[in-house]
Amino acid sequence: MCGIVGVIDYRGDTDRRTLERMTDLLRHRGPDDHGLLMRKAQADCLVGLGHRRLSIQDLSHQGHQPMTFQQLDIVFNGEIYNFREIRRVLEEQGYTFESHSDTEVILKAFHRWGMGAVQRFIGMFALAIHDRDKGKIFLLRDRAGVKPLFYYHAEDVFLFGSELKVFHAHHAFEKEVDTDALATFLRYGYILAPRTIFRNVQKLEPGHWLEYDLKTRKFHRRKYWEVYDWYNRPKLEMSRQEAVTALEKLLENAFAYRMVSDVPVGVFLSGGYDSTCVTALLQKNSRKPLNTFTIGFDTKEYNEAPLARQYAKILGTEHHEHYCTEKEAMEIIPELAEIYDEPFGDSSAIPTILVSRIAKGHVDVALSADGSDEIFAGYNKHFSESARFETYRKLPEWAQKTGGKFLPLFAGKAFQLMNRYTLGIPNYRNKVYKFSDMIADPSLQNIFDRSNYYFTDREIKKLIRKEFTIDTAFESMGELGPDNDAITKILAVDYKTYLPDDILVKVDRATMSVSLEGREPFLDHRIVEFVAQLPTEVKNHNNIPKYLIKEIVHKYIPESLINRPKKGFSVPFSQWYDGELHELFMEYLSRDKVREVGVLDEEAVEEVIRRYRQGERFLIKNIWFLFVFQQWAQRWL
């Protein structure tokens, strides 16, 4: 795992020191080695490549980057797990190798097959290749979006890197908040690709590559893989038992690939089905105990550590456990803006950072179980929003029009009346607004999108006082064919939105902040390609979440021990906000601080806090988002 940086400069005023500063900002991603390469390109521009290396494969200097072969230069972040098989094919075709690294295999695979090489890769990757003969730069990101890649385009400069922070080190970078991206953050708690918090900066989307022509200064994004294509294929005719058997075989292969490493490997074990599945299948085929790691909380409702400990004992792993305290949380929160260098509202980043720090004391690579929920339907919303859709679409047209128009008008007064007579319903006003928006447009796309809102559009307009447009992959559900039922469509959209832009961002930045390589065994693209083609009755028999995974796990852990409600990997923020963290929150959300940043409206921020204090306790997440933005703005603006 590494960090990459690139500069294309037509002004010619990017010196080696600037490129080095940009690269060194990624030292946490690669503390073991670093390299720079600057060339004068055909089109009378400077091309600079920078690399920070975390040595995982081929620990020798032969794995040093940037790496060059004939007319090609490469910087690469990630892992190609099947590189040895690809290498054997290339050797049969006359290629020789100087190292044992996957980077050299990628470089020569591109030399042999061009962009078609990516179809052979099983792995996670973000890379850049400079083809000096063609006068082009190629950027490439893996299918699921495990590894990040950002780019900035201005008139005379094109920059790219593994994290946003590298752009701040280049004098040509102009930082201006993108109002549309900020609105997206306030709505969902994260910013969806291709947008970033800054104008003129974009994320390269998962399953895409970008071709930049050095002569014309134009670039084109192209898609090489699309998860919807697999959901739109004819469904497989397969019994449930056949699916379980085929899936377990596929999982064992995918999980085993993620153990390919020249350094120690461990597993994050949360106590849920997903991480237990990873641990069980890996430990089954391992002669030595795996290292497993768990974070716990003193608050019982959030704590799965005792379960993880019990499962680790049954499976025979070397288990490591740590309890998260308020003090540790307080120490991490001021670091969040540095680690997540654009606003990021998922508070489970805190325990993820903590468990990464614990794991780094024992291993250099850690496997997590992210992606299983989005593939196998592990969230309550997958079923609740599907059921809501079936109910709302049956409403008569007059009810849709009337309710959508008039319900919001009465929401505020009704809430005040209910509070006066102590009849408060949690999240009442927010539920009314969402309900009115849903029945006004009871399409599955709108219902699922609205179910993911935190701030409504009405509230966002008050907060940022500017026009905004939110256009995301949540609106792409129409690309899914009619053979896909509601749950299947929701899963497909979740895979394109919440998974890459929330879950994978969380894990990548958390693990990389301590120079730990995080691997995602469920995100082997062959798994989602297989499951996407299964009928819902097979993969979620009788509406059982993660039915196939549960059938596999029950072979290793008794169902009576593990089949319990999902707790998730979250933190008790209401308690923290009302306790020791209160001063920290109020420091950044004070009227003076909000005015100083100059992006959010002070009155609107105070209104959110006032509503929380008056009983709308669900707004703790909204307050957290405001705090996150303010802390980020103080650091980066």
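Biologist: Which residues have the most contacts inside the largest nonpolar core?

Modeller: Those would be Phe110, Phe121, Leu247, Leu251 and Trp624, in a core of 197 residues. Keep in mind that this is a predicted model.

Biologist: And which helix gives the most to this core?

Modeller: Helix H28, residues 620-636, which puts in 11 residues.

Biologist: What is Leu247 in contact with, leaving aside its neighbours within four places in sequence?

Modeller: Leu247 touches Phe376, Ile527, Phe530, Val531, Leu548, Ile549 and Ile552. There's also a second, separate core, with 21 residues, including Tyr10, Cys45, Leu49 and Leu210.

Biologist: Is Cys277 buried or exposed?

Modeller: Cys277 is buried, because its relative accessible area is 0%, and buried means under 20%. Cys2 counts as buried too, at 6%.

Biologist: OK, now the open sheet of five strands. What order are the strands in?

Modeller: S15-S14-S13-S16-S17, with parallel pairing. S15 (318-324) and S17 (517-519) are at the edges; each has a single partner strand, so one side of each has no neighbour in the sheet.

Biologist: How many bridges join S14 to S15?

Modeller: Seven, with S14 covering residues 291-297. As one example, Phe293 has His320 in S15 as its bridge partner.

Biologist: What packs on the sheet, touching S14 and S15?

Modeller: Helix H8, residues 305-315, does, and its direction makes about 175° with that of S15. Helix H11, residues 349-360, packs there as well, touching S13 (265-268), S14 and S15, and its direction makes about 140° with that of S14.

Notes:
Residues are numbered from 1 along each chain as its sequence is written. This is a predicted model: local features need pLDDT of at least 70, side-chain atom pairs count only at pLDDT 80 or more; totals for chains, interfaces and linings use all residues. Side-chain values use heavy atoms; hydrogens and water are left out. Buried means under 20% relative accessible area, exposed over 50%, partly exposed in between (1.4 Å probe, protein chains only). A nonpolar core is a set of buried Ala, Val, Leu, Ile, Met, Phe, Trp, Tyr and Cys residues joined through side-chain atoms within 4.5 Å. Helices (H or I, at least four residues) and strands (E, at least two) are DSSP runs, numbered from the N terminus. Contact means heavy atoms within 4.5 Å. Two strands pair if DSSP finds at least two bridges between them. Axes are lines fitted to C-alpha atoms, for helices over the stretch in contact, and angles run from 0 to 180 degrees between N-to-C directions.
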